[in-house]
Amino acid sequence: MSDTIEKVKCLIIGSGPAGYTAAIYAARANMKPVLYQGTQPGGQLTTTNEVENFPGYPDGITGPEMMLELQKQAERFETDVRDGWVTKVDFSGDVHKVWVNETKEIHCDTVIISTGASAKYLGLDSEQKYLKLGGGVSACAVCDGFFYRNQEVVIVGAGDSACEEAHYLSKLCKKVTMLVRRDEFRASKIMANRVKNTPNIEILFNTETDEVLGDGQVVTGVRAFNNKTNEKHVIPATGFFVAIGHKPNTDIFKGFLNLDETGYIINVPGTSKTNIEGVFVSGDAADHVYRQAVTAAGTGCMAALDAERYLAGKDATFEVSTSTYN
């Protein structure tokens with residue numbers, strides 16, 4: 001433990017679109033935000049080569065470049081952006097206590113959680129190789145499906161999200177091959193029937209991925225195997241989509257914040273408020289439906305505004321800033 005406890009008016013945990021947007025609004029409202037970037041500075045978007053659906057970038061931009069620009073914008077308004085990650089919290093008392101790197105203790109008037117969620121992958125070496133290269137592996141059809149127009153792709157998954165993403169891809173791609181590990185879908189009947197009735201979606205049950213194939217730069221196919229017969233075959237494809245779920249990065253908040261059965265933080269509907277006064281949530285730590293950069297940024301704005309109003313309600317000397325809204 002450190003000898004000195006730092007006191008912060010607004011602490012932002014996480015540095016994706018939600019965290020940086022919250023920082024921009026909080027800084028403009030004179031909340032003097034401190035932002036810790038976490039173990040993946042910039043969040044999931046730093047693994048995305050091309051971003052073409054975020055407003056304001058007519059020619060597109062890479063995920064890492066966008067995150068650097070958001071960071072610069074937050075720092076322009078004097079956000080204190082720091083390396084490090086929050087390893088422990090204590091929201092049980094009147095003071096919101098947070099520990100960084102297990103040593104530094106911070107007492108916060110407000111906390112904005114923007115820790116996001118991590119996509120689940122199969123863990124194959126070949127999958128991770130082409131994911132890091134940006135050469136055809138993705139966990140977001142809405143984000144990346146556009147790049148595979150009129151091409152053949154493979155998607156892995158059996159739940160509602162997998163069916164939804166497969167159906168989305170079917171509108172863009174020439175053919176979608178869906179690999180389902182069991183002999184049936186986990187998805188609801190209506191979602192399963194939707195993909196079954198889509199002509200250019202081929203569903204392979206009892207089928208798993210053996211290896212993602214490529215030329216060293218981009219994906220060229222997928223070697224799959226039937227888990228009943230062990231028979232292997234190669235599926236030509238330029239894209240490999242993984243839709244087996246996400247894990248929200250919220251473990252350190254267990255016991256303090258209300259979480260749903262999968263770990264997403266439950267916010268008060270229509271707000272960023274949690275069950276703890278002065279603690280707010282934004283981005284994919286609470287959103288398991290949309291999971292887009294633009295929606296994350298929107299909730300980052302909401303969290304900063306909610307935090308500002310909370311501070312104004314507690315401290316008569318802290319006024320809501322009109323500059324926040326323009």
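**Close-up views of the predicted model**

**View 1. Thr 209 lies in strand β12.** Strands here are DSSP runs of E with at least two residues, and helices are runs of H or I with at least four, both numbered from the N terminus. The model is predicted: local features need pLDDT of at least 70, side-chain atom pairs count only at pLDDT 80 or more, and totals for chains, interfaces and linings use all residues. Residues are numbered from 1 along each chain as its sequence is written, and side-chain values use heavy atoms, with hydrogens and water left out. Is Thr 209 buried or exposed? Its relative accessibility is 12%, so Thr 209 counts as buried (buried: under 20% relative accessible area; exposed: over 50%; partly exposed: in between; 1.4 Å probe, protein chains only).

View 2. Two elements, β10 (175-180) and β12 (207-214), each give two or more residues to the lining. Strand β12 gives the most, with three residues. By class, the lining has seven nonpolar, three polar and four charged residues. Nonpolar: Ala, Val, Leu, Ile, Met, Phe, Trp, Tyr, Cys and Pro; charged: Asp, Glu, Lys and Arg; polar: the others, Gly among them.)

**View 3. Five strands form an open sheet with parallel pairing.** Which order do the strands take? They run β8-β15-β9-β10-β11. Strands β8 (137-138) and β11 stand at the edges. Each has a single partner strand, so one side of each is left without a neighbour in the sheet. Strand β9 (residues 152-156) runs parallel to β10, and five bridges join them (pairing: at least two DSSP bridges between two strands). Glu 152 stands opposite Lys 175 in β10.

**View 4. Ile 201 is found in strand β11 (residues 201-205).** Its relative accessibility is 8%, so Ile 201 counts as buried. Leaving out residues up to four places away in sequence, Ile 201 touches Ala 166, His 167, Ser 170, Val 176, Met 178 and Val 195. Phe 225 is 24 residues away along the chain. The C-alpha atoms of Ile 201 and Phe 225 are separated by 18 Å.

**View 5. Strands β4 and β5 pair in the antiparallel sense.** Strand β4 covers residues 86-90, and β5 covers residues 96-100. Four bridges link the pair. How many residues does the hairpin use to join β4 to β5? The hairpin runs through five residues. Asp 90 has Lys 97, in β5, as its bridge partner.

**View 6. One disulfide is present in the structure.** Which cysteines does the disulfide join? Cys 140 is joined to Cys 143, with an S to S distance of 2.2 Å (disulfide: cysteine sulfur atoms within 2.5 Å). The torsion about the S-S bond is about 70°, so the disulfide is right-handed. Cys 140 counts as buried, at 15% relative accessibility. Cys 143 counts as partly exposed, at 26%. Cys 163, by contrast, is in no disulfide. The nearest cysteine sulfur to that of Cys 163 belongs to Cys 173, 16 Å away. Cys 163 is buried, with a relative accessible area of 0%.

**View 7. Cys 301 is placed in helix α7 (residues 293-314).** Cys 301 is buried, with a relative accessible area of 17%. Setting aside neighbours within four places in sequence, Cys 301 is in contact with Thr 21 and Tyr 25. The C-alpha atoms of Cys 301 and Ala 23 are separated by 8.5 Å. Along the chain, these two residues are 278 residues apart.

Terms used: Contact means heavy atoms within 4.5 Å.
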